[in-house]
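Subject: A structure for you to look at

Hi,

Here is the structure I promised to pass on. Have it open while you read, and I'll walk you through what turned up.

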Amino acid sequence: MCDMESTLFKILMLTPYSSVQRGNSLTTSRLKHFLSGADYQIDRMSLEDRKWQFELRENLSRCNYNLVHGFHARFMGEALNQVPALSAIPIILTTTGTDINYDLYGSQRKLVIHALEEAQKIVVFNDTFRVGL
């Protein structure tokens, strides 16, 4: 995954899904494609993989990431809880809809809030999402 010898700006992209065609998987795939062509090293990890916690810890120990870009606040909150070392890297969080419209007001609220608090920048796809934040 990570080319440790690379001098490129290294971004770790965390997506809840990558194996099925969903909004997050399509968006992260497109971003990886275009950013990789612009001299960024992009590692994309899916949190749907059974061993994602182990793989994430391994990647963090091997690669000196400059940035983490997480998609979906609830899933990013879970990743931060499971792998606290993520907090040592600047985080951009892209909210994707259900995290702000549903999870923020439900039983997963603490995970969403945790991710929002840890992020240095928050991206919303629609101005109406900002109202809830």
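Let's begin with strand β1, which covers residues 9-15 and is mostly covered: 6 of its 7 residues are buried. Before we go further, keep in mind that this is a predicted model.

So who sits beside β1? On one side there is strand β2 (residues 40-46), which pairs with β1 in the parallel sense over 7 bridges. If you want to find that pairing on screen, look for F9, whose bridge partner in β2 is Y40. Further along, M13 stands opposite R44 in β2.

β1 also pairs with strand β3 (residues 67-71), again in the parallel sense, this time over 4 bridges. A handy spot to check here is I11, which has L67 as its bridge partner in β3. In case pairing is new to you, strands of a sheet pair through backbone hydrogen bonds, either parallel or antiparallel.

Now zoom out to the whole sheet. It is an open one made of 5 strands, in the order β2-β1-β3-β4-β5, and the pairing is parallel. β2 and β5 (121-123) stand at the edges with a single partner strand each, so one side of each has no neighbour in the sheet. On average, neighbouring strands in this sheet are turned by 20 degrees against each other, if you ignore direction.

There is a helix to look at here too. Helix α2 (residues 52-62) lies across β1 and β2, and runs at about 160 degrees to β2.

Next, the charged side chains. Side chains of opposite charge can pair when their charged atoms come close. How many salt bridges does a search of the whole structure find? The search comes up with 1. In this salt bridge the side chains of D103 and R74 meet, at 2.9 Å from N to O. D103 lies in the loop between α4 (98-101) and α5 (109-118), while R74 belongs to helix α3 (residues 73-82), so the pair ties together parts that are 29 residues apart in sequence.

Are the two partners buried or exposed? D103 counts as buried because its relative accessibility is 4%, and the cut-off for buried is under 20%. R74 has a relative accessible area of 24%, so R74 is partly exposed.

That's the tour. Happy browsing!

Cheers

Conventions. Residues numbered from 1 in each chain as written. Predicted model: local features only at pLDDT ≥ 70, side-chain atom pairs only at ≥ 80, totals over all residues. Heavy atoms only, no water. Buried < 20%, exposed > 50% of the residue type's maximum accessible area, 1.4 Å probe, protein only. Helix = DSSP H or I, 4+ residues; strand = E, 2+ residues; numbered from the N terminus. Pairing = 2+ DSSP bridges. Axes fitted to C-alpha atoms, helices over the stretch in contact; angles between N-to-C directions. Contact = heavy atoms within 4.5 Å. Salt bridge = Lys/Arg side-chain N within 4 Å of Asp/Glu carboxyl O.
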